[in-house]
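This briefing concerns a single protein chain.

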Amino acid sequence: MRKFYLFFALLLGVSSMARAGVFTPDPNKVYIIKNVNNSYIPMFCVTQLKYKDDGEQKFVLGARNNKLDSRSFFVINGNSTDGYTICLKEVTEDDNSTITTNRYVSLKTGATNNTNHAIRTKKVSDVNNLTVNEKWNITETEEGSGKYIISSKALTTNNSWNIRGEEYNERNCSDKVTGVGTWNDNTKTTNQWYIYSIDDFQQEFSKYDYVAGDNKGKVGYPVDEYFDNLNTLKTYYTSLCSAWSVSLANNFGNAYNYVSSTPINMPVNGKAYRFKNKAYGVDKYWYFKYNESGVTMTENEAEATTFVCREISSGVYTFVCNEGKYLAWKGGNSGDFYKGANGNKGYVDAYDHQENGTVPSGNTTATQSLSDWAQLTVEKLAGSNVSGGLADLWGYVAIKGRRFSQTSLNYFVIKANGSYDHASAPFFKNNNGTNYSSAFILEEVPYANVVTMKSFEGTNNIATFSAPFPTVVPANTTAYSVATQTDGNITSVNTYTVATAGEAIPANTGVILLGSNTSLTMLPRTTEEIVTIEDGALKHSAGAAKDITSENSYVLANKTTGWGFYKVSASASALPMNKAYLVLPTNTPQSFVRCFFGNTTGLDSTPIQNASTNNIYDLSGRQVKVASKGIYIINGKKVLVK
């Protein structure tokens with residue numbers, strides 16, 4: 001039995017039949033027959049097969065496509081002259097719990113040329129009772145390729161009836177089965193199978209071995225549960241090779257199906273990423289780079305654009321850059337058939353950007369106004385157009401979005417020279433002389449949308465914030481603003497509520513955040529309502545650090561006088577990006593001003609050092625000499641006077 005090490009070489013195309021190898025089965029081994037497109041040979045029978053698992057009766061209706069279970073194991077005997085027999089390993093039938101090994105894979109009775117037929121299983125007491133119609137040719141497509149065609153021994157013309165590995169429809173367990181075999185000339189990739197002995201199958205799942213190292217948790221790399229399942233798989237494999245049973249085969253199959261599905265980490269809500277494309281055929285990487293004229297590709301990592309992620313649904317995300325633009329699908333040129341939204345620029349101005357596109361309408365297509373242009377699907381890189389073994393290298397994902405004139409989503413496809421192309425399937429291959437790649441790495445990078453809240457009063461915490469794109473106010477948080485100030489003699493300012501949890505702060509707008517959370521992740525807005533905030537005394541540093549020394553600026557801090565806004569000196573360093581600050585009239589002499597939040601919360605919760613008894617302020621910030629009934633700020637503390 002040959003061992004097959006280059007699993008993804010099958011994706012390069014159908015090999016020549018010129019040098020066919022002879023298959024020599026070992027009657028002492030159990031085999032797994034796996035299609036090149038990852039399905040397993042589906043076994044059907046006229047009557048229901050059953051087996052017992054821990055004393056409980058189970059029904060066997062046929063192996064599921066793309067799944068490995070107890071019905072995926074076979075004993076193969078025979079030779080190329082007399083034909084091969086394929087016997088199910090340890091399957092019971094009807095209500096008999098006795099293990100049988102005499103149920104064979106066969107072609108449907110009466111199968112003829114030029115007609116697709118279903119496969120069946122047939123029980124006989126002696127293999128000699130099998131007719132030629134129930135035996136098979138097993139022919140390697142090319143010497144050493146490890147890929148075989150399984151065709152009926154009864155049909156020996158240039159065309160033959162082949163077991164194929166495509167989807168099939170199952171109706172109970174009767175003859176109503178379609179799509180499990182086809183009559184053709186033996187050249188279809190879907191007719192090709194790998195035939196592994198169980199003790200050689202370790203090479204098949206060993207490609208999933210992975211040492212996490214510094215990559216654990218990164219997009220495109222296995223989830224934590226993967227490692228437990230991989231270890232479990234190896235344990236079941238060792239047991240299965242030495243003591244085969246139906247229940248153990250099912251346990252092994254379940255673990256293998258999980259591992260082979262390659263569950264990977266996906267982008268995380270609120271984190272920021274660079275999109276890095278691995279070119280095919282050349283040692284080169286390309287990065288998405290935002291330009292107002294359109295998203296281009298650059299080899300310079302320093303020029304790569306950072307995008308903040310917002311999860312829409314499982315596997316679907318939107319990504320917003322520091323210029324406030326939402327990433328959208330982009331095709332090879334600006335023609336209607338090839339382009340994405342917004343003139344094929346690769347971005348739209350808002351999450352719910354509306355533009356006409358093609359969508360299904362009954363059995364036809366129709367042009368409708370769509371608003372999902374900024375929704376991108378991220379998935380593991382895989383498919384028949386992915387070659388070179390990359391489909392099982394960790395860390396690579398494919399990304400797709402809406403194309404202007406297509407009912408289905410299209411993938412980002414980048415040529416080796418950094419230009420865009422378009423396809424409804426992911427590519428990592430040379431096609432007609434051109435190298436194409438849909439292989440993306442999402443590199444996590446820092447971005448100032450995570451706000452550290454400082455302890456303020458009681459359970460409240462406080463910070464300032466702004467962003468170059470609309471952001472959503474998190475739970476247990478309220479956003480405040482400050483109106484324009486005209487009095488240069490003020491000693492305090494009042495705030496007013498502008499947004500509550502679930503509402504969106506406009507882009508390029510400074511606010512004060514107050515709430516019970518110690519840390520906030522400010523997510524880009526999708527469908528949330530954007531509130532209106534009038535231009536006032538709060539300014540912003542959205543998108544970039546800002547020199548605010550030329551203005552009469554004050555920053556929020558908790559210093560010797562307590563919480564409040566402190567005047568910025570001429571030698572102050574730049575205000576970090578995505579913050580807010582206060583601008584007061586130029587004739588304001590105070591180096592510190594208080595800030596009040598209506599009648600519930602005051603910024604200054606620390607007593608003023610060396611304060612006299614006349615340090616009394618009402619909730620409007622006016623200093624008073626005598627406190628009558630009501631709430632006042634006295635010596636820096638909020639006091640109820642009765």
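In this predicted model, 54% of the 642 residues of the protein chain count as buried. The chain has four helices and 51 strands. Its accessible surface comes to about 27,700 Å², and carbon and sulfur atoms account for 45% of that area.

**Contacts across the chain**
- Among contacts between residues at least 6 apart in sequence, 65% join residues at least 24 apart.

**A five-stranded sheet**
- Five strands form an open sheet in the order β33-β34-β40-β36-β38, and their pairing is antiparallel.
- The edge strands are β33 (454–457) and β38 (496–500), each of which pairs on one side only.
- On average, neighbouring strands of this sheet are turned by 35° against each other, direction ignored.
- Strand β33 is joined by three bridges to β34 (residues 460–465), and the two run antiparallel.
- Ser455 stands opposite Asn461 in β34.

- Leu130 lies in the loop between β8 (119–123) and β9 (136–140).
- The relative accessible area of Leu130 is 6%; because buried means under 20%, Leu130 counts as buried.
- Leaving aside neighbours within four places in sequence, Leu130 is in contact with Thr85, Tyr104, Lys122, Val124 and Lys135.
- Between Leu130 and Ser106, the C-alpha to C-alpha distance is 8.9 Å, with a separation of 24 residues in sequence.

Notes
Residues are numbered from 1 along each chain as its sequence is written. This is a predicted model: local features need pLDDT of at least 70, side-chain atom pairs count only at pLDDT 80 or more; totals for chains, interfaces and linings use all residues. Side-chain values use heavy atoms; hydrogens and water are left out. Two strands pair if DSSP finds at least two bridges between them. Axes are lines fitted to C-alpha atoms, for helices over the stretch in contact, and angles run from 0 to 180 degrees between N-to-C directions. Buried means under 20% relative accessible area, exposed over 50%, partly exposed in between (1.4 Å probe, protein chains only). Contact means heavy atoms within 4.5 Å. Accessible areas come from the Shrake-Rupley method with a 1.4 Å probe; for residues, only the protein chains shown count as cover.
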